[in-house]
Every structure is written in structure tokens, then in C-alpha cells.
Amino acid sequence: MIRLIADLHTHTLASGHAYGTIREQAQAAAEAGLSMLGLTEHAPGVPGTAHPLYFNNLFTIPRTLYGVELLHGSEINVLSGGELSLEQKWMKKLDYGIVGIHRVCYTDEGIVKNTDNLIKCMADPKVRFVSHPDDNHTPLDYPALVSAAVELGVALEVNNSSFLKLDKRLGCLDNYRAMLSLCMELRCPIVVDSDAHDPSRVGKFEEAVKFLEEVGFDPSFIVNAEEERVRRFIDTGKL
């Protein structure tokens with residue numbers, strides 16, 4: 001059975017379209033039995049999100065709330081040309097970055113360019129995760145993506161939220177099957193997250209875990225299955 005101890009992709013009120021405070025998220029994580037919580041507000045590019053100065057002041061937040069260790073990240077947008085939507089001076093304030101394609105600030109450039117743009121963003125040393133690489137609105141080349149993830153020390157996300165809106169995530173299930181098969185073949189790490197935008201969703205991984213168990217994914221390649229594995233991977237990109 002797959003058991004997860006951390007949710008490394010969540011959003012609070014600061015993201016502009018989420019509905020909980022940091023303390024509400026942390027309390028929800030404790031109630032869900034998690035020991036670690038990643039706070040990953042959207043970077044500029046997503047309408048209504050925090051000003052980059054927000055990330056400069058993260059040091060004022062307690063590192064532990066309700067017995068849950070807090071990690072500071074950001075979900076950073078992939079832009080045309082493989083540019084990141086958050087400047088390096090703010091990236092340095094983070095424990096880690098998640099990079100992802102969001103159609104509110106990205107126009108589909110086709111499978112080759114989409115993949116190239118994403119891989120360029122993955123190469124930033126602060127980036128450790130790719131968010132929801134599962135939607136054919138912006139298709140990806142999975143053999144190229146998984147190979148790059150292995151080389152760069154980046155984990156690919158299996159996003160529980162995607163399973164709850166399959167009508168909006170084109171080809172999601174088939175894409176995850178293809179991606180996870182390659183991850184097992186090439187020994188590529190993954191991360192399983194809720195992508196919670198409300199405290200009620202923090203630590204909710206049921207659909208993603210069910211899918212992983214159905215395809216027989218090896219839990220030893222899941223970053224957030226162990227605390228020390230999370231810390232080591234964020235520091236080094238290695239399990």
C-alpha cells in the first residue's frame with residue numbers, strides 16, 4: 001500500500017483563487033496525518049496571485065505549525081521560449097520550485113516546443129518538481145520529458161486534482177499511463193500531490209494513489225513517501 005507523508009503542492013489565499021490561510025492548511029495537513037506541507041503559491045502570470053515580494057518575506061512564517069513541518073515553494077509558470085515567470089532574486093528565497101504550464105499565461109506551441117520549453121525551465125537548479133504534466137491542451141513528449149527529469153534531478157507530479165476533473169484534462173489517464181511506464185523503465189522519481197486550493201483538499205491523494213496501485217508503480221520512486229527522501233531530493237535531486 002502506498003502511504004504519503006507530505007503534500008508538496010498546495011495553495012492558500014495568496015494565490016488569488018484559493019480559499020485557505022497558511023494556518024488552516026497546516027491544521028488540515030496535521031488532521032490528514034501528514035508530517036510535511038509545501039506551500040506553493042502561484043508565481044506571476046496567473047491572474048490575482050501574490051506579488052513577488054511575497055516570497056521575500058517567507059522567513060517570517062513559523063517552520064512548524066500543528067506539528068507539521070512547512071516548506072516554502074512556488075508553482076512557477078513556463079512561458080514561451082522556456083522562460084520562468086519568477087525572477088532569480090525571488091527564486092533564491094524558496095526551498096524549491098515547481099514548474100508547470102498554465103493556459104492562462106501560455107499558448108500551445110505544439111508537442112516539441114511545449115516539451116522543450118518545459119525542459120528549459122526544469123534545468124533551473126531551484127526547480128525540483130513539474131506540476132500536472134497530463135493535459136493534451138498543451139501536449140508533451142513523454143520519452144523526452146522523463147529522460148530530462150532523470151538527468152536534471154526533477155520529479156514528475158501525479159496530481160490528484162487532475163483525476164477529479166478529467167473532462168478538463170484531455171487525455172489525462174492515457175498520459176499518466178505512458179508517463180508512469182517510462183518512469184518505471186528509466187527509474188524516474190515522481191511526486192504525488194493534492195494541488196489543494198482549499199484546506200479540505202490538503203492531503204487528499206486517493207484518486208492518484210488508486211491509479212498508481214492499479215499500474216503497479218514502485219513506491220520506492222515516490223519522493224513524498226518518506227521525510228528524509230523529501231529533504232534529500234529537494235537538496236540534491238536524488239532519492
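The model is predicted: local features need pLDDT of at least 70, side-chain atom pairs count only at pLDDT 80 or more, and totals for chains, interfaces and linings use all residues. Residues are numbered from 1 along each chain as its sequence is written, and side-chain values use heavy atoms, with hydrogens and water left out.

**Stop 1: strand β8**

Select residues 155-159, which form strand β8. Strands (E, at least two residues) and helices (H or I, at least four) are DSSP runs, numbered from the N terminus. Five of the five residues in β8 are buried, so the strand is largely enclosed by the rest of the structure. Buried here means under 20% relative accessible area, with exposed over 50% and partly exposed in between (1.4 Å probe, protein chains only).

Now show the side chains. Which residues point one way from β8, and which the other way? A155, E157 and N159 point one way, L156 and V158 the other. In a regular strand the side chains alternate between the two faces of the sheet.

**Stop 2: the neighbouring strands**

Two strands pair if DSSP finds at least two bridges between them. Look for F129, which stands opposite A155 in β8. To get from β7 to β8, the chain goes through helix α5 (residues 142-152), in a right-handed β-α-β crossover. Right-handed means that, with the strands pointing away from the viewer, the path from the first strand over the helix to the second runs clockwise.

**Stop 3: aromatic rings**

Rings of Phe, Tyr and Trp (its six-membered ring) pair if their centres lie within 6.5 Å; planes under 30 degrees apart count as stacked, over 60 as edge-to-face and the rest as tilted. The count comes to six aromatic pairs. Select F163 and Y176, a stacked pair at 5.4 Å centre to centre, with 10° between the planes. F163 lies in helix α6 (residues 160-163) and Y176 in helix α7 (residues 172-186), 13 residues apart.

Finally, select Y96, F129 and F233, which ring pairs link into a cluster. F129 is the residue opposite A155 from the second stop.
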